[in-house]
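This briefing summarises the computed geometry and surface properties of one protein chain. The points are grouped by topic for reference alongside the coordinates.

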Amino acid sequence: MSDAYEREQQNNHLLDELSSKVSALRGVTVNIYDNARSQDVIDSSNEVFSNLSTSLKGSANRLGRMAQQGNKVAIFKLAGGIIAVVVGLWWILSFFW
């Protein structure tokens, strides 16, 4: 009877060890998944900034062509619009900070 009890205790001990290893493996798996998701977010952010950079370069090129053509009224309108947007954003954001 004592031999069976000892084996049962060994089995319980081994089962506890296996359970802790499975829990550790589950934790590692969750961490890998979270890391992969954050990497995906970083990759998509890089793509967004790359598209923004391309868009800004195109806008700068168009502005440069417009300046070379000597269309001063359009340049002043554009500059005034940009200044108005910046001042407007600064004014709106000053209420939140």
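The protein chain exposes about 8,900 Å², and carbon and sulfur atoms supply 64% of that area. The model is predicted. Of the 97 residues in the protein chain, 0% count as buried.

**Overall form**
- The protein chain contains two helices and zero strands.
- The protein chain is more spread out than a compact globule, because its radius of gyration is 32 Å, well over the 13 Å that the globule rule gives for 97 residues.
- The C-alpha trace of the protein chain spans about 105 × 35 × 5 Å along its principal axes.

- The side chains of the protein chain include 9 positive and 9 negative ones.
- The centres of these two sets lie 32 Å apart.

**Helix α1**
- Helix α1 covers residues 2–69, and S23 lies in it.
- S23 counts as partly exposed because its relative accessibility is 43%, which falls between the 20% limit for buried and the 50% limit for exposed.
- From C-alpha to C-alpha, S23 and E47 are 36 Å apart in space, with a separation of 24 residues in sequence.

- W90 lies in helix α2, which covers residues 72–96.
- With a relative accessibility of 62%, W90 counts as exposed, since the cut-off is over 50%.
- W90 also belongs to a nonpolar surface patch, whose members include I83, V85, L89, W91, F95 and W97.
- Together, the residues of this patch have about 1,400 Å² of accessible area.

Conventions: Residues numbered from 1 in each chain as written. Predicted model: local features only at pLDDT ≥ 70, side-chain atom pairs only at ≥ 80, totals over all residues. Heavy atoms only, no water. Helix = DSSP H or I, 4+ residues; strand = E, 2+ residues; numbered from the N terminus. Rg over C-alpha atoms; globule rule 2.2 N^0.38 Å. Buried < 20%, exposed > 50% of the residue type's maximum accessible area, 1.4 Å probe, protein only. Areas by Shrake-Rupley, 256 points an atom, 1.4 Å probe, with all protein chains shown as cover. Lys, Arg positive; Asp, Glu negative; His and termini not counted. Charge placed at Lys NZ, Arg CZ, Asp CG, Glu CD. Patch = residues over 30% accessible without salt bridge, like charges linked within 9 Å, V, L, I, M, F, W, Y side chains within 5 Å. Salt bridge = Lys/Arg side-chain N within 4 Å of Asp/Glu carboxyl O.
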